[in-house]
Amino acid sequence: MTSAPASGGIARNAAPFLHGPEVQAMSEVLASGQWGHGPVTEQFERALADYLGVQDVVALSSGTAALLVALLANGIGPGDEVVLPSLTFAASVQTILFTGAVPRFAEVDPDTLCVTAQTVLDALTPATRAVMPVLYGGRAVDLTVIHNQLRQRGVVVVQDAAHAFGSRTATGRVGADTDVATCFSFDPIKNLTTGQGGAIVPRTREEAAHARRLRLFGVEQSAAERAGATSYTVAGPGLRFDLSPINAAIGLVQLEHFPAIAARRQHLWRTYQRELSVLEGVALVDVGVDRSVPFNCVVRLPDSRSRDAVFRALHRQGIGVGVHYPPNHTQPAFARWHRALPATEQVAGQIISLPFHPGLDDSGIGQAVAALRQAVKAISPPRHLENPGD
Ligand SMILES: *Cc1c(COP(=O)(O)O)cnc(C)c1O
C-alpha cells in the first residue's frame with residue numbers, strides 16, 4: 001500500500017503540514033531520555049508567550065484539556081451556566097459538562113458563524129458564570145462592548161480560540177487581551193500543531209498557577225522543585241493534562257515556520273474568495289482575512305436541499321468536503337439544554353467546508369471551485385419551499 005503524500009491536496013478537507021525538522025527535533029527529545037514534562041515543554045511555553053506578546057502560556061495535552069482546565073481554574077462548576085454557540089465542535093460543550101456546569105446555547109451571526117455581543121446578551125441568565133465565544137474559522141470575537149456588564153454580573157470570558165492561533169483583534173493578537181482567558185488547540189489540523197496539544201493564555205499569575213496544578217495532579221510544586229525534595233503538596237484537584245516534550249518539540253519547529261504558514265493560509269483563502277466571487281448561489285463565510293489566519297473555508301448554499309446535493313456530488317468526486325459543525329443543541333447528549341435557535345438551524349443546513357490546508361495550491365483550489373460550480377449548476381431549481389438567497 002502506498003501512502004498518500006502528507007499534504008494530500010484537495011482529497012483532504014484539512015491536513016497537517018510537515019516542514020521536515022520536526023523529525024530531528026523529536027529524535028533529540030527521545031535521545032535525551034526526558035520524555036515526560038520537562039525543559040522542552042517549558043521552552044515551547046516561552047516561545048508561545050514571546051510570539052503572542054504575553055507574560056505566560058500554560059501548555060496542555062489538548063485544546064479540550066485547555067478549555068476544561070480554564071473553566072475549572074475560573075471556578076466554574078455545578079449550578080453554573082456557560083453561554084456558548086451551538087455551532088461549534090462538541091468538545092466545547094463537553095468541557096462545560098465535565099466541570100459540572102451546563103451549557104446555554106447562543107445564536108450565531110449567519111455571516112460569520114460567531115456569536116455577537118447581542119446574541120450573548122440574549123442568552124444570559126442569572127445562572128450564567130462564563131461565556132465561551134468560539135473564534136470560528138479564525139475570526140476574533142469582540143465582546144468589549146459588554147465586558148463591563150459581564151464583569152458586574154460575575155461572568156468570565158473563556159474563549160475557544162482553537163481555530164484562531166495567529167489571528168489578530170482590533171488591538172493585538174488573539175490571546176493578548178487580558179480581559180479574557182484564551183484557549184488554543186494544537187491538534188493535527190489546527191493553524192499551529194504539536195500533533196496533539198493545546199494551551200491557555202492565562203490572565204493572571206494566579207490563574208496560571210491554578211492551571212498548572214490542574215494539569216499535574218493538583219501538586220503545588222513544579223517538576224524541578226519536586227526533584228530536589230523528599231515530599232510534595234497535593235493542594236487541590238488535578239489530572240494528567242500536561243504536554244509531552246515529544247509534542248512540544250513538534251510545536252517549536254511549527255512555530256518557527258508559522259509566519260510562512262499564516263501567509264500561506266491567507267493567500268489560499270483569498271484565492272478561494274476571488275474564484276468564488278463569480279459563482280452565483282454560493283456565499284463565502286467571511287473570516288476577516290486581513291486580521292485572521294484562516295482555519296477553514298466555508299461556503300453557504302441557498303438551503304439544506306442544495307447543500308446536501310452539492311456535498312454528495314463533491315464527495316463522490318473525491319473532494320475533501322466537510323460540515324463544521326452539526327449544531328450541538330440538537331445532539332442527543334445535549335437534548336436537555338435544547339432551545340429554539342432558528343438562525344443556527346438554518347445556517348447549519350447551508351454550510352460546506354471546502355478543502356483547506358497549507359498543502360493546497362492555487363490549481364487545487366481551481367479544481368475544487370470548478371467542481372463546486374458544476375455541482376451547483378446541476379441542482380434542479382428549488383420548488384419555492386424555502387426563500388432562496390438567504
Ligand atoms: C479542535 C477544537 C477543539 C478541541 O481541541 P483538541 O486539541 O482537538 O482537543 C475545541 N473547540 C474547537 C472549536 C475545535 O475546533
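Colleague: Which residue just after H4 takes a positive phi?
Modeller: Gly100, with a phi of about 100°. Keep in mind that this is a predicted model.

Colleague: And H4 itself, which of its residues are buried?
Modeller: Ala91, Ser92, Val93, Thr95 and Ile96 are the buried residues of H4.

Colleague: What covers them?
Modeller: The cover over the buried residues of H4 includes H3, strand E2 (81-85), strand E3 (102-106) and strand E5 (156-160).

Colleague: Give me distances. How far is a polar side-chain atom of Asp160 from a nitrogen atom of the ligand?
Modeller: The Asp160 pair is at 2.7 Å.

Colleague: How much of the ligand's area does the protein bury?
Modeller: The protein buries 92%. The reference is the 380 Å² that the ligand exposes when taken alone.

Colleague: Switching to packing. In the largest nonpolar core, which residues touch the most other members?
Modeller: Leu48 and Phe165 do, in a core of 50 residues.

Colleague: Which elements each supply at least two residues?
Modeller: Among them are helix H2 (39-52), helix H5 (117-123), helix H6 (144-152) and strand E7 (198-201). H2 gives the most, with four residues.

Colleague: What does Leu48 contact, sequence neighbours aside?
Modeller: Skip the neighbours within four places in sequence, and Leu48 is in contact with Val57, Phe165, Phe186, Leu192, Ala199 and Leu255.

Colleague: How many residues are in the second core?
Modeller: That separate core has 31 residues, including Ala101, Ala211, Phe241 and Trp337.

Colleague: Why does Thr271 count as buried?
Modeller: Because its relative accessibility is 2%, and the cut-off for buried is under 20%. Beyond neighbours within four places in sequence, Thr271 is in contact with Asp362 and Ile365.

Colleague: Back to the backbone. Which residues does a cis peptide bond join?
Modeller: His324 and Tyr325, with omega about 10°. Tyr325 is in the loop between helix H11 (304-316) and H12.

Colleague: What about Leu113, what's its phi?
Modeller: Leu113 has a positive phi of about 65°, though it is not a glycine. Phe217 also has a positive phi of about 65°, and it is not a glycine either.

Colleague: Why flag them?
Modeller: Because most residues other than glycine have a negative phi.

Colleague: Where do they lie?
Modeller: Leu113 is in the loop between E3 and H5. Phe217 is in the loop between helix H7 (205-215) and helix H8 (223-227).

Colleague: Buried or exposed, in the case of Leu113?
Modeller: Leu113 is at 1% relative accessibility, so it counts as buried. Phe217 has a relative accessible area of 37%, so it is partly exposed.

Methods: Residues numbered from 1 in each chain as written. Predicted model: local features only at pLDDT ≥ 70, side-chain atom pairs only at ≥ 80, totals over all residues. Heavy atoms only, no water. Polar contact = N/O pair within 3.5 Å; in protein donor to acceptor, adjacent residues only side chain to side chain. Areas by Shrake-Rupley, 256 points an atom, 1.4 Å probe, with all protein chains shown as cover. Core = buried A, V, L, I, M, F, W, Y, C linked by side-chain atoms within 4.5 Å. Buried < 20%, exposed > 50% of the residue type's maximum accessible area, 1.4 Å probe, protein only. Contact = heavy atoms within 4.5 Å.
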